[in-house]
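Reader: Hi, I'm new to reading protein models and would like to go through this one with you. Could we take it piece by piece?

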Amino acid sequence: MIIKKQPSLSDPITSLTGIGPRLQERLMHIGIDRIQDLLFHLPYRYIDRTRLISLGELKAGEDAYFQGEIELTQIRYGKRRSLLCRISDGTGAVILRFFYFSKSQQNKLQRGQLIRCYGKVRRGSSSLEIIHPEYRLLESGVDVELEKQLTAVYPSTEGLQQPRIRKLIEQALVILNSDKKNINELLPQEILLEQDLPTLADALEYVHRAPITADLQSLIDEKHPTQKRLIIEELLAHQLSLLKLRNELKKEKSPIFNKSQYLVSEFLKKLSFKLTNAQKNAFKIIASDLNANSAMLRLLQGDVGSGKTVIAALATLQVIEQNYQVAIMVPTELLAEQHYKNFSVWFEPLNIETVLLTGKLKKSIRNLIEEKLKNKKSIVVIGTHALFQESIIFSKLGLVIIDEQHRFGVHQRLALIEKGKQYDEYPHQLIMTATPIPRTLTMTAYADLDHSIIDELPPGRIPVNTSVHSNQRRNEIIDRIKNVCDEGRQVYWVCTLIDESESLQCETVVATSEHLKQKLKKINTGMIHGRMKANEKEAIMKDFKEGKINLLVATTVIEVGVDVPNASLMIIDNAERLGLSQLHQLRGRIGRGNEKSHCILIYQSPLSNLAKERLEIMRTTNDGFVIAEKDLELRGPGEVLGTRQAGIPDFRIANLKRDSYLLSKIQRIATQLIERNPKNVELLIKRWLGKKHEYSNV
Ligand code: ADP
Ligand code: MG
């Protein structure tokens, strides 16, 4: 007889019994590859099936596990056909309601049948009811056991039922328990003691098989010590991966750029304004970062309009002076074009060549620029993510500046750095963001960077006044546009859409601008949206900047970077659709001159309470940091840093909003671990970030 050896936790999932290709594929889909991954597939909620509740005790809004006898089953024909099934147990009654049911299901739910159910109780039209409960039919006289522990509910995917996942995890737990050493404890004893944390093996066992005696509420809130142990480990892994990245880059060489001898002072002489103290300080640090032989890794934060562009220009000059190249990457073509124009005006008198590289360039022009980047030493290139493309080769890249970082993820950032690597030298990095990032997020998403803040606006700025109006007051608002234009000032009208498709956005902009043109016959109206060609956009922006267009109807493409100081009124239509940080960015397009500016947020009523609260925040504060904190509080990290990627990791169990109180502790533990247990660092990263981490190394 062959004794089958028990698989180990690091074996592929297929070494468990009963896993065919279809199931394997589904498991892969939710990130389960090896047996150990099952252990880290953590419940997102728990239900209590350890005891039954009597029907007299049911309360609307609560989950209930109960059994009783079917009194009546009937089909009800109303607005929607449904199968109703009345259950009672002598203490009370409840209705089960099914909108989808089969003939055989209907037949089985016979009067007199004993049934056990689980589901959420709600108030129905005449009595308490449960829609589509989980249920099983019981044979009378046979006692069906209750669960002995809390039932964990797992994240799943189509075609993968809870009982199936539970059984697989149970198998993994058996392997784990056969020898607790099967899983590597990566937190040293001293940290466990210091933080009063259970071991990993105990924590995993507990969260999967939470006993009846467990404090259900703390498990549901994910505040249980065993969960805390896992949360800490996960946050730690993320923190370590960023720190490791930082340490690795810091070990590499980077070109040393001496403090500028002439370009910076020439530039400042010609500049039409004086730097603020905050700007001076920011550049001072950057200048000395560049003067070191390890890469600058700096995040420069400053509210909209605080004057980050000029800092980018100064850093660029220090590098150009030593005949290296500088690449400035921005998230939109419009911003690339605008920066290109600014930098050209600034740099031409200094004999520095600036080029623009976006995805929409003609092939011939593009080839020309590629040629220059390959051959010419000192040159400034401003572009979108087109800068990553394979055909782009830098001959001597000394500095990468990323403006409006919130739109790029950590991978994109690294890809550009890799591209710039030359003779084992890495370019310096300056990351600039106008979305003030709450401290909790900088500590996680940007743990690899040093931080500077420009906490001062150029002098003479008058804060924007913001008001919130319902759509019904549209006509009054349109009248206001006229007044503003009559005074020689300019206006933005921003159209927002939930649907991100460019064609729909463009339709809305066209329709709105037609409507406004009709109402405001004497006013020069222009429009701008993502569907337009680069040169069309450029022409419109030029006309707007020169005052030839008074009213600019736009999509949120103007969100970043656009700078027209004479614009003093902005109307944001359907403002409730946008995140607070995005609204703040948009609003930052006005209030750039020395005249009072107004921002009008129009909403479509009725507004939810949350939406009201959010618009109220916009009305009452102009402070980007306050707004970002509130945004984080109300909507969570993904939204604050922009909707899609933006460097915010997908956590298995941690939640930045809920767990932010742990972050300073995590930082300390991370440093301690790197010093004392460097071997575990790699293992922890691998355990929690797995493939994602490998990806970041490409
Ligand atoms: P942001 O930080 O949002 O990128 P910008 O760099 O676009 O801000 O600067 C906003 C506006 O303020 C620009 O018109 C810029 O020329 C101007 N500006 C920047 N610094 C100063 C300053 N120290 N004094 C006066 N105006 C300034
Ligand atoms: Mg900017």
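Author: Let us begin with a term that we shall need at once: two strands are said to pair if DSSP finds at least two bridges between them. Please also keep in mind from the start that this is a predicted model.

Reader: Why is β4 said to be largely enclosed?

Author: Strand β4 covers residues 93-98, and five of its six residues are buried, so the rest of the structure largely encloses it.

Reader: Switching to the sheets, what order do the strands of the seven-stranded one have?

Author: That sheet is open, its pairing is parallel, and the order is β11-β12-β10-β13-β14-β9-β15. At the edges stand β11 (354-357) and β15 (450-454), each with a single partner strand, so one side of each has no neighbour in the sheet. On average, neighbouring strands are turned by 20° against each other, if direction is ignored.

Reader: How many bridges hold β9 and β15 together?

Author: Strand β9 (residues 297-302) is joined to β15 by five bridges, and the two run parallel. Within this pairing, L299 stands opposite H451 in β15.

Reader: Which helices lie on that sheet?

Author: Among them is helix α8 (residues 225-251), which lies across β9, β14 (428-433) and β15 and runs at about 120° to β9. Helix α13 (residues 363-375) also packs on the sheet, where it touches β10 (325-329), β11 and β12 (380-383), and its direction makes about 125° with that of β11.

Reader: What about the six-stranded sheet, which strands are at its edges?

Author: This open sheet has the order β16-β21-β20-β17-β19-β18, with parallel pairing. Its edges are β16 (465-470) and β18 (525-528), each of which has a single partner strand, so one side of each is left without a neighbour in the sheet. From one strand to the next, the twist averages 20°.

Reader: Can we look inside it, say at β20 and β21?

Author: Strand β20 (residues 567-572) and strand β21 (residues 598-603) run parallel and are joined by four bridges. In β21, C599 is the bridge partner of M570. As for helices, α16 (residues 474-486) lies across β16, β17 (490-494), β19 (551-554), β20 and β21, running at about 150° to β17. Helix α18 (residues 534-545) packs on the sheet as well, touching β17, β18, β19 and β20, with its direction at about 140° to that of β18.

Reader: New topic: how many aromatic pairs does the structure hold?

Author: There are nine aromatic pairs. In one of them, the ring centres of Y65 and Y118 are 6.2 Å apart and the planes are at 55°, so the pair is tilted. Y65 lies in strand β2 (residues 63-76) and Y118 in strand β5 (residues 114-123), so this pair ties together parts that are 53 residues apart in sequence.

Reader: Are those two tyrosines, Y65 and Y118, buried or exposed?

Author: Both Y65 and Y118 are buried. The ring of Y118 also has the charged end of R49 sitting over it, 4.6 Å from its centre.

Reader: Why is the pair of F267 and W346 called edge-to-face?

Author: Their ring centres are 5.4 Å apart and their planes are at 90°, and since planes over 60 degrees apart count as edge-to-face, the pair gets that name. F267 is in helix α9 (residues 263-270) and W346 in helix α12 (residues 333-347), so the pair links parts of the chain 79 residues apart. Together with F343 and F347, they form one aromatic cluster.

Reader: Last one, where does pLDDT stay under 50?

Author: It stays under 50 over residues 638-647 and over residues 693-698. Where pLDDT is low, the predicted coordinates should not be read in detail. The protein as a whole averages a pLDDT of 86, and 93% of the residues score at least 70.

Key. Residues numbered from 1 in each chain as written. Chains lettered and ligands numbered in written order. Predicted model: local features only at pLDDT ≥ 70, side-chain atom pairs only at ≥ 80, totals over all residues. Heavy atoms only, no water. Axes fitted to C-alpha atoms, helices over the stretch in contact; angles between N-to-C directions. Contact = heavy atoms within 4.5 Å. Phe/Tyr/Trp six-rings, centres within 6.5 Å; stacked < 30°, edge-to-face > 60°. Buried < 20%, exposed > 50% of the residue type's maximum accessible area, 1.4 Å probe, protein only. Lys NZ or Arg CZ within 6 Å of the ring centre and 35° of its normal. pLDDT = per-residue confidence, 0-100.
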